[in-house]
Amino acid sequence: MWPFKRDPIVPVLRFSGAIGMVTPLRPAISLATYAAPIEKAFSLSKLPSVAVLVNSPGGSPVQSNLIFKRLRQLAKEKEKRIYVFCEDVAASGGYFLAIAGDEIYADPSSIVGSIGVISQGFGFVEAIDKLGIERRVYTAGLNKSTLDPFLPEKPEDVARLHAIQLDVHKTFIDLVKQRRGGKLKGEDSELFSGAFWAGGKAHELGLIDG
């Protein structure tokens with residue numbers, strides 16, 4: 001008989017880095033790269049819990065949602081509780097991952113929140129004019145060149161993008177309300193403004209449990 005008794009170990013999943021497209025030169029968090037570790041974490045131990053460590057500033061809302069759904073699916077199938085621990089940052093998509101937890105904890109100095117949607121870019125119209133460059137775009141489809149950074153910005157393109165952002169933002173908001181329920185203590189206009197807070201304030205607002 002083995003002379004030492006080994007205590008059960010809680011499986012730990014760590015999500016660290018940006019969330020989105022993975023390439024050989026740009027490692028990132030995606031369901032494809034984490035599918036096996038997620039499955040292993042929920043099958044490794046008979047203990048009724050899995051620990052998830054999150055250290056991410058966010059990224060792709062699609063990958064965030066896919067991972068969230070997989071975590072919740074396995075938690076239900078395996079009858080396990082998920083305990084999330086936010087490290088340096090759990091913001092935007094990082095917080096999206098965090099709400100998969102049945103309980104969420106963070107350091108007082110952790111950055112938590114940023115429940116919003118952002119799209120960033122540059123406009124180069126004046127720059128290419130000064131350089132004497134002529135932009136040539138050929139499309140089949142009226143909106144195929146939407147938000148081309150080398151063409152003047154069109155109000156209707158901005159309005160279309162904003163409508164998409166509102167849809168994505170609503171999905172995020174609905175999940176936060178579903179997962180955090182009556183724990184939320186702030187006004188919607190504050191909680192879902194895209195602002196972020198240190199761990200202590202996030203706790204006051206009900207975004208985390210401690």
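I started with Asp-188, which is partly exposed, with a relative accessible area of 39%. I'm keeping in mind that this is a predicted model. The side chain of Asp-188 meets Lys-177 in a salt bridge, 2.8 Å from N to O. That pair links distant parts of the chain, with Asp-188 in helix 6 and Lys-177 in helix 5, 11 residues apart. Lys-177 is partly exposed too, at 36%.

Next I checked Lys-183, which forms a salt bridge with Asp-209, and noted 2.9 Å between the closest N and O atoms. Lys-183 sits in the loop between helix 5 and helix 6 and Asp-209 in the segment after helix 7, so this pair ties together parts 26 residues apart in sequence.

I also found Lys-201 and Glu-204 joined by a salt bridge at 3.6 Å. Those two are three residues apart in helix 7, about one helical turn. Arg-72, Asp-102 and Arg-179 turned up as a network of salt bridges. My count came to 13 salt bridges.

Then I went inside. The largest nonpolar core has 42 residues, and Phe-15, Leu-71 and Tyr-95 are among those that touch the most other members. Helix 2 gives the most to this core, with five residues. I listed contacts of Phe-15 beyond its sequence neighbours, including Ile-38, Val-54 and Leu-71.

Is Ala-98 buried or exposed? I got 0% relative accessibility, so Ala-98 counts as buried. Ala-98 lies in helix 3 and, leaving out residues up to four places away, touches Val-54, Val-84, Cys-86 and Ile-104.

Terms used
Residues numbered from 1 in each chain as written. Predicted model: local features only at pLDDT ≥ 70, side-chain atom pairs only at ≥ 80, totals over all residues. Heavy atoms only, no water. Helix = DSSP H or I, 4+ residues; strand = E, 2+ residues; numbered from the N terminus. Buried < 20%, exposed > 50% of the residue type's maximum accessible area, 1.4 Å probe, protein only. Contact = heavy atoms within 4.5 Å. Core = buried A, V, L, I, M, F, W, Y, C linked by side-chain atoms within 4.5 Å. Salt bridge = Lys/Arg side-chain N within 4 Å of Asp/Glu carboxyl O.
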